[in-house]
Amino acid sequence: MKAAATTSPGGLAALPPDPSWVDEVLLRGAGSEPCLTFDEPVSRDELRQLVSVRQAVLAAAGLRRGGSVALCLAPSLALVANLLASWRIGAQAALLDHRLTPYETDRALARLDPQVVVTAERPAGGGPAGGFYHQQDVVTARPGRPARTSHAVVQLSSGSTGPAKIIGRTAADLIDELGRYARIEGVPRAGERIVSTASMVHVLGLVGGLLHSLHAGVRLAVPRRLTAEGILATVAAGPEPTTLLGVPFHIELLGWVAQPPRLPQLTGMTTGGELVRAQVHEAFVDRYGVRLGSMYGMTEVGVIATDLFGEHRPEVTPAPGLTLRAVDGELLIAREASPYLDHGNPGGGGPTRWADGWLHTKDGGAVDPGTGRVRVLGRLDSQVSVGGLKVDLTEVEHTLAALPEVSAAVVVLGASIEAYVVLRPGSGTAAQIEAQLAERLAAYKRPRLIHVVDQLPRTATGKLVRDRAALSGAGGSPQTPTVHERSDRKGTTSDVH
């Protein structure tokens, strides 16, 4: 296979990838073998034919090797076919989540400036619970720029803690990650099945779901509806040993099912994204009787470390071929080049994120010198100082979310520590929540303000948003959240440094 490219002095690949990797790595296999299932199974022959058709349409719009295309499509067979067709041409494909508003999409296109855009009518009636859609795609040429690097795919970071960064990965990067998946015990193999609830435009659903399935001969199924009933019905629809792939939000969703159906084909679930709280982990395993594995990864790298059998919680084992180290409490990963395409812009990634061959994850963590396993401690920006005392906002958040009256919570630092919580129906008040926190957390750790809201904003990957500007608009009816302010003065605004 030919996926290598030369690199520029700045560390960014400079030549377009050889498109032959698509057929060699992703589309090769028995023609009659079903590889994807949306409403109906799609065989490899059918997928190859669809890719060829979309390749001709994209080429007619002017897309060439070294060109650039943005795919603004919902999860669908159209998204898969256009992505593979773009790569088969040798173009750089940017993936934009269909849940972005028109304003957000226009801003992203202005930053990316692609030569071709593939869109479709916004899904009607699907709502946020739609797993996939039937879409008629529309290809539009625009006066954009060809790809400035040889990255095959461009993705936007989740933006859970601030503006999204533009991240590029080469075909060689993707092939390397598929090799890591092939060497990790517990990853689904040929003849097995993945039911994926993870978005195909983000790294877990894209590589861990779609690309790994195509490469390894795993059958990938996407639920029509991302409800507990829809997910479980998709698991039940096939006899193959099945692994669920999703994020902690989906674990909680499935945990709410009082009496799950008998699913002998379900072998386990793998989750990525955020840390899974111990109570949520235990409740899922007890209810379904299968393993719940965790995967630590980043858009910039893909899968970094795993514990797919839940044997070493909360530690994870580095994926084969990756080198990790901890420096001053931060996890660093060895990478030859910066993955950031906008590294010259504020917040776009630069020396603070990649330097001297090391990618700074901005995650706190430690590497056990004896076992090599990694303990991920959460975002470094979750560690703040209150009155000269260190507070880990993740600890506060997990303590709050573990209360029986709370269904979801986010803790941030403004002028003081603040919490945004969603309460279970008819199950308490902010004052009662504060009283329980007083038993569980020292005064300096407890939120000064507790905002009771109807719902919390989430990223497209299901992560809770921790940006104060976005949280300030959280709620439903009433629009103004209920606010409870602590009556004591410990850990107040004047104490925060």
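**Salt bridges and burial**

Guide: Let's start with Arg193, which forms a salt bridge with Glu240, the closest N and O atoms being 3.6 Å apart. Mind you, this is a predicted model, where local features need pLDDT of at least 70, side-chain atom pairs count only at pLDDT 80 or more, and totals for chains, interfaces and linings use all residues. Side-chain values use heavy atoms, with hydrogens and water left out, and residues are numbered from 1 along each chain as its sequence is written.

Visitor: How do you know whether Arg193 is buried or exposed?

Guide: Buried means under 20% relative accessible area, exposed over 50%, and partly exposed in between (1.4 Å probe, protein chains only). Arg193 comes in at 6%, so it counts as buried. Glu240 is buried too, at 14%.

Visitor: What about Glu33 and Arg44?

Guide: Their side chains meet in a salt bridge at 3.8 Å, N to O. Glu33 has a relative accessible area of 22%, so it's partly exposed, whereas Arg44, at 3%, is buried.

Visitor: And what makes Glu300 and Arg353 a pair?

Guide: A salt bridge again, 3.8 Å from N to O. Glu300 counts as buried at 8% relative accessibility, and Arg353 is buried at 8%.

Visitor: How many salt bridges does the structure hold?

Guide: It holds 16.

Conventions:
Salt bridge = Lys/Arg side-chain N within 4 Å of Asp/Glu carboxyl O.
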